[in-house]
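Please open the model in your viewer, with residue selection at hand, and follow the stops below in order.

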Amino acid sequence: MIYQFCIFDRGGMVLWMGKFEQLTKVSGSPMDLLVRSVLLEDRAGATNFACRDYLMEWKFANEYGLIFAVLYSRIYKAHYAGQLLENVKTEFLSQYGETIKGGNYDKLDLSPFSSTFRIIWKRVEAASNAKPQEATPVEQRKVVKPITETPVLAKPIGRTDQAQPVIEKKEQPFSFGNDAPTAPDAQAPRASQKMTKDDLLKKIMARKNKGKSNEPQSAAPEAPVKREKTKRLPSENKSITKAAMGALDHSTGGAEDEEEQQVERVRQQFMEAPASDYDLIPADESELNDDTVAEVQDDSKVMSFFKGLAGIKELTKEDLAPALQKLQDQLVGKNVAVNIAEQLCNSVGASLEGIKPGSFSSVSRLVRSAMTDALTRLLTPKQSIDILSQAKSVKKNEKRPFVVVFCGVNGVGKSTSLAKVCFYLQQQGLVVHLAACDTFRSGAVEQLRTHARCLKAELHEQGYNKDAASVAKYAITTAAKSNADVVLIDTAGRMQDNEPLMRSLAKLISVNSPDRIFFVGEALVGNDAVDQLTKFDSAISTLAPPQSVPRHVDGIILTKFDTIDDKVGAAVSMVYATGQPIVFVGVGQTYMDLRKVNSKALVNALLK
Amino acid sequence: MDLSTSGFALLALVAVIVLLLIYIAAGSGKSKRNAILIVGRSGTGENKSVGKTALLKQLKNSEQPKYGLLPSLVVNSAEITVNGKPVRVMDVPGMVPSLLEDLLDRAKGIIFMVDSSEIRDHARRDAEILHDVLTQGSIMKEKIPMLIFCNKSDLIASSSPDVSLGIRDLRREGCGDAVKTYLERELQLIRSSAVNAVETAGGTKQKQKEFLGFEEEVFRFEHVPNKLTFASGSVIKGNIDPVQKFMAETTA
């Protein structure tokens with residue numbers, strides 16, 4: 001069942017639109033959402049996009065700068081949507097293509113196209129009904145339902161030929177082997193990638209099911225949960241007296257001298273050591289890169305000049321494939337997660353297919369400049385990452401402290417990053433309080449206390465084995481009473497697959513509704529980056545207690561950024577996975593080693 | 001035979017040189033400030049767009065596209081005749097902030113679009129973009145004129161001046177003043193944190209940013225050296241006289 005069909009240009013003007021059915025439960029326009037979440041986020045390499053009960057498919061006519069999109073019901077699928085798009089595109093371009101190429105089509109009256117569309121639609125529908133439709137299981141259609149409020153895209157798994165009408169694809173029995181590219185040399189490395197993607201898909205599907213059936217999970221999955229909990233606690237804890245606990249708990253006393261020494265040591269390490277003079281790329285080098293970018297732009301001008309003179313063949317998928325493959329390898333070499341690199345390349349490929357290159361520009365150059373644009377667009381934050389003015393504004397307008405939660409897997413540097421952010425905010429004259437909500441790993445509270453002493457920030461802690469959510473709650477209330485500006489909450493490191501711990505993080509967040517949730521990740525991480533981040537993100541929103549407002553990761557802090565040289569791929573993977581910006585990067589040991597990143601410098605490092 | 005071949009070769013050479021000259025002439029014009037930019041934040045969904053593309057279409061066609069608009073993916077550009085002179089007007093998509101930086105060097109006038117009906121909720125984002133625009137190297141130095149156009153004045157009931165926010169000494173009528181006060185307040189905050197922001201990794205080649213206003217004083221728009229005009233209107237209702245006036249002044 002088709003709800004809407006829309007033809008629009010890249011400038012945003014809708015040339016023609018057909019609305020056939022009323023949409024339910026959708027606020028705003030799904031087409032708007034398609035542009036925002038798919039086309040602008042460089043996810044156009046995917047096959048389709050889900051918005052509530054609807055699915056959307058689209059097709060580019062790049063030589064005309066047009067996009068054709070169709071919206072249909074997820075339940076009563078229009079199996080002929082791909083064919084319909086193809087036929088409408090052909091018919092539309094044969095009728096109006098020349099006018100549109102002429103450029104001035106703003107006042108073109110396209111209402112007569114409505115009847116043409118109906119005829120094409122009827123014809124395609126009839127043809128598809130004539131053929132026996134094979135039931136296509138969800139997995140074959142490669143649709144991933146949005147797990148969270150921000151739509152998650154269908155992953156373009158195994159899709160190698162976009163130009164091929166979708167309907168044809170469906171008739172083939174689905175298998176990864178069948179789908180392999182024709183080039184035999186590319187087959188070997190691809191096969192292994194596909195396996196990981198297959199796994200990923202399965203994981204996503206599994207998680208989706210989990211998210212769906214929230215409560216009635218019964219005893220079976222509950223048992224291992226409990227086991228795990230007890231396993232992770234020190235075994236003596238089972239039968240300890242309060243006194244024994246006090247003795248164990250160094251956080252509430254202990255040898256003062258020893259602690260003083262420790263504070264002194266940390267102070268030396270974090271404050272008095274020379275700050276890192278880290279920079280992503282030396283100045284002269286980045287300028288060099290700048291020149292090449294300018295050159296490419298000039299080139300395109302010459303190109304467009306000569307384009308009219310020489311009849312140059314439109315680019316096909318096959319022309320682009322080698323250049324894209326090369327670029328993909330390069331991105332993977334820079335530590336971009338494999339599936340992300342592939343999705344990006346698919347998207348860039350889709351946006352170039354069908355355009356006519358100039359005689360002077362090689363395909364690889366064209367692909368490279370399109371990728372530069374796409375990456376710059378991706379890495380430039382769309383929202384503000386200025387937490388300082390946000391904190392001030394919250395304090396001023398709402399008279400309460402600004403609350404930030406730091407989360408991430410074990411050992412990535414959450415506490416250190418928290419201390420750096422604390423130092424930065426203190427430098428700007430804000431009163432910062434810390435909350436030690438890592439009530440789990442022994443030594444965590446002491447670590448944070450040492451930082452707090454060095455920074456002369458007030459620390460709220462209640463020792464170990466307490467409920468992290470209530471520790472945070474208490475800290476925020478106390479901080480509000482003492483008129484603090486900011487509360488930074490340190491949480492326990494947890495692996496993304498550890499459901500009980502993720503549940504407790506979700507609880508902490510829903511109870512305390514922080515202003516910002518920062519995900520702390522290592523810049524060294526490769527393919528796991530996406531898994532970590534997407535699982536944290538979905539856990540925060542899906543594992544939260546019912547009737548709480550779903551939350552998401554609001555920003556990313558990348559640590560150990562000075563150790564990776566130009567392998568900055570994790571930044572791309574993480575930003576692509578959630579669409580959230582990189583707020584800070586950590587570039588050294590001292591409190592001063594906190595930086596923002598320049599998106600252009602990142603892109604240069606990636607495509608160097 | 002030989003003669004005609006060499007003659008052709010010569011002709012071809014001349015043609016190439018002429019073409020090159022034309023190209024260079026065209027290329028050198030590129031760096032000049034020859035365009036009016038329409039800048040602003042991106043919308044937040046249906047009917048919540050600020051109206052940048054709509055303004056361009058209105059200027060170009062004196063009407064809105066029949067089937068409406070979606071967020072722009074690329075810069076929209078059109079040649080518009082003002083007082084008999086053609087002017088290039090460019091609409092910079094709010095969703096693609098990376099495009100703005102390069103285009104600012106071409107701006108001879110900037111139309112900054114604000115949705116006055118939603119200024120309360122989005123003043124922060126508006127101010128952030130405005131701060132970026134103003135502090136870019138040469139915009140203040142070269143005193144590029146700017147029109148802050150408060151769109152959707154037909155929906156203005158929702159943004160009446162709020163007494164509790166201290167907007168008492170409004171000198172002019174209309175929503176321009178409310179917008180001005182909201183933006184000033186946010187710019188003050190953004191300015192202080194922009195100065196104190198952490199360093200940028202890889203930012204060595206970044207353009208030097210200017211300080212907005214005077215360091216000792218609370219920010220006011222009067223501190224900006226550029227000619228700033230606040231005006232309100234409604235693109236959808238065809239009420240864009242201030243824009244046309246601004247364009248005429250800028251191109252004159």
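The tour goes through chain A and then turns to chain B.

This is a predicted model, in which local features need pLDDT of at least 70 and side-chain atom pairs count only at pLDDT 80 or more, while totals for chains, interfaces and linings use all residues. Residues are numbered from 1 along each chain as its sequence is written, chains are lettered from A and ligands numbered from 1 in the order in which they are written, and side-chain values use heavy atoms, with hydrogens and water left out.

Select residues 30-39 of chain A, which form helix α1 (helices are DSSP runs of H or I with at least four residues, strands runs of E with at least two, numbered from the N terminus). Of its 10 residues, 9 are buried, so the helix is largely enclosed by the rest of the structure; buried means under 20% relative accessible area, exposed over 50% and partly exposed in between, with a 1.4 Å probe and protein chains only. Among the buried residues of α1(A) are Met31(A), Leu34(A), Val35(A) and Arg36(A), and the buried set packs against β1, β2, β3, β4, β5 and α13 of chain A, where contact means heavy atoms within 4.5 Å.

Asp42(A) has a positive phi of about 55° although it is not a glycine, and its relative accessible area of 4% makes it buried. Then select Lys399(A), in the loop between α14 and β6 of chain A, which also has a positive phi of about 55° without being a glycine; Lys399(A), however, is exposed, at 65% relative accessibility.

Now show α11 (residues 317-333) and α12 (residues 338-352) of chain A, whose axes come within 9 Å and cross at roughly 150°; axes are lines fitted to C-alpha atoms, for helices over the stretch in contact, and angles run from 0 to 180 degrees between N-to-C directions. The two helices are therefore roughly antiparallel, a term for angles over 145 degrees. On the α11(A) side the contact includes Leu320(A), Leu324(A) and Gln328(A), and on the α12(A) side it includes Val338(A), Glu342(A) and Cys345(A).

Finally, select chain B, which has 7 helices and 7 strands. Of its 252 residues, 49% are buried, and among contacts between residues at least 6 apart in sequence, 74% join residues at least 24 apart.

Note on methods:
Parallel < 35°, antiparallel > 145°, perpendicular 65-115°, else oblique.
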